[in-house]
Amino acid sequence: MRLALVLAAVLLSTGLARAADDAVFPRGASVGLVPPDGMTESTAFSGFADAAKGSAILIVEMPPQAYDQVVAGFTDAALATKGILVEERTSLPLGDVKNTLVTGRQHAGTVVARKWILVAGAPTATALVTVQEPSDGSAPMSDEAVRKTLETLTFRQPPSPDEQAGNLPFKLENRAGFRLVKVVGNTAAILTDGPKDMIEGAEQAVFVVGVGPGAPREDERQQFALRAFSSVPGVKDVRIERAEPLRIGGQPGFEILANGKDIATGGDVKVVQWIRFGQTAYIRMLGVVKSAGFPDYYPRFRSIRDGVAGH
């Protein structure tokens, strides 16, 4: 299983310092900017929104090495498949931060939105920033105003995973000796037992906890769990050993235990998935480890599972 678990450790010392004091960073983010008047931080995604105008700024963070790959994929033809008609390509004066700005319009049926898509690469991260608003909205943003907003883009030292964990909708009350290495989108936590933060295959035991919306009925839970299990990355030749309901923390849950092969190495792995169902959301927990280590790790996986509080 290939998990890109990157911890940035380099401060961006030049280029954007002038905006750092005023930039607003979405919760747990290392990329921020000065939002336009009327836009406030969104509770639904990483970024900012103006509900009255239907406009938004979405910020996606990626590892620093992702910049070249993302820009290479931003061809006119590729964007056209997403309904985006490119009108202009340029760059912004962001100091030492390499960047590409694509301006255009996106068609989705009868709806047309104006789009500005900025890809910015710094030593700490790659940022994909999308500004969008309805093309027929009142008091539309000018191109100059959007560019001025994007020019305030600021990178900062990423908060530590433990700092970011405070924004998760659950608590990890027992980590069973595992180390928290990554918080994803304020909805998921990745833990591992070993020295590496970037993990290739199943070389280290990995445990992932994430929350999602939805509350399937009792008669739907098995199929729900099986569908979720089918999306486990990096594992092939999966053979389910058991799949059964159980109680987790006093709530209904479902366990799937399976054997498989690590795609990266071909080695034998064990995969266990637990889903704990709440009234409006569920918590999914996934552990992956080499088969030889499973007898030792399974009790520790269960300890982490039983120490997940919330929802």
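Author: This is a predicted model.

Reader: What makes strand S3 and strand S4 a pair?

Author: Two strands count as paired at two bridges or more. Strand S3 (residues 47–50) and strand S4 (residues 55–62) share four bridges in the antiparallel sense, so by the cut-off of at least two bridges they pair.

Reader: Which order do the strands of the open sheet follow?

Author: The order is S2-S3-S4-S8-S7-S6-S5, seven strands with antiparallel pairing.

Reader: Why are strand S2 and strand S5 said to stand at the edges?

Author: Strand S2 (40–41) and strand S5 (84–90) each have a single partner strand, so on one side each lacks a neighbour in the sheet.

Reader: What packs on the sheet?

Author: Helix H4 (residues 143–150) does, touching S4, S5, strand S6 (98–108), strand S7 (111–121) and S8. The direction of H4 makes about 30° with that of S7.

Reader: Which residues of H4 are buried, and how do you know on which side of H4 they lie?

Author: Val 146, Arg 147, Thr 149 and Leu 150 are buried. Around the axis they cover an arc of only 160°, so they lie on the same side of H4. Their cover includes S4, S5, S6, S7 and S8.

Reader: Why is Thr 126 called buried?

Author: The cut-off for buried is under 20% relative accessible area. Thr 126 has 0% relative accessibility, so it counts as buried. Thr 126 belongs to strand S8 (residues 126–134). Beyond its neighbours within four places in sequence, its contacts include Val 60, Met 62, Ala 66, Val 119 and Gly 121.

Reader: Which residues of helix H6 are buried, and why are they said to line one face?

Author: In H6 (residues 221–229) the buried residues are Arg 221, Phe 224, Ala 225, Ala 228 and Phe 229. Down the axis of H6 they fall within an arc of 135°, so they line one face of the helix. In an α-helix, with 3.6 residues a turn, residues three or four places apart point the same way.

Reader: What covers the buried residues of H6?

Author: The cover includes strand S14 (235–248), strand S15 (251–262), strand S16 (268–277) and strand S17 (281–290).

Definitions and conventions. Residues numbered from 1 in each chain as written. Predicted model: local features only at pLDDT ≥ 70, side-chain atom pairs only at ≥ 80, totals over all residues. Heavy atoms only, no water. Buried < 20%, exposed > 50% of the residue type's maximum accessible area, 1.4 Å probe, protein only. Helix = DSSP H or I, 4+ residues; strand = E, 2+ residues; numbered from the N terminus. Arc of directions from axis to C-beta. Contact = heavy atoms within 4.5 Å. Axes fitted to C-alpha atoms, helices over the stretch in contact; angles between N-to-C directions.
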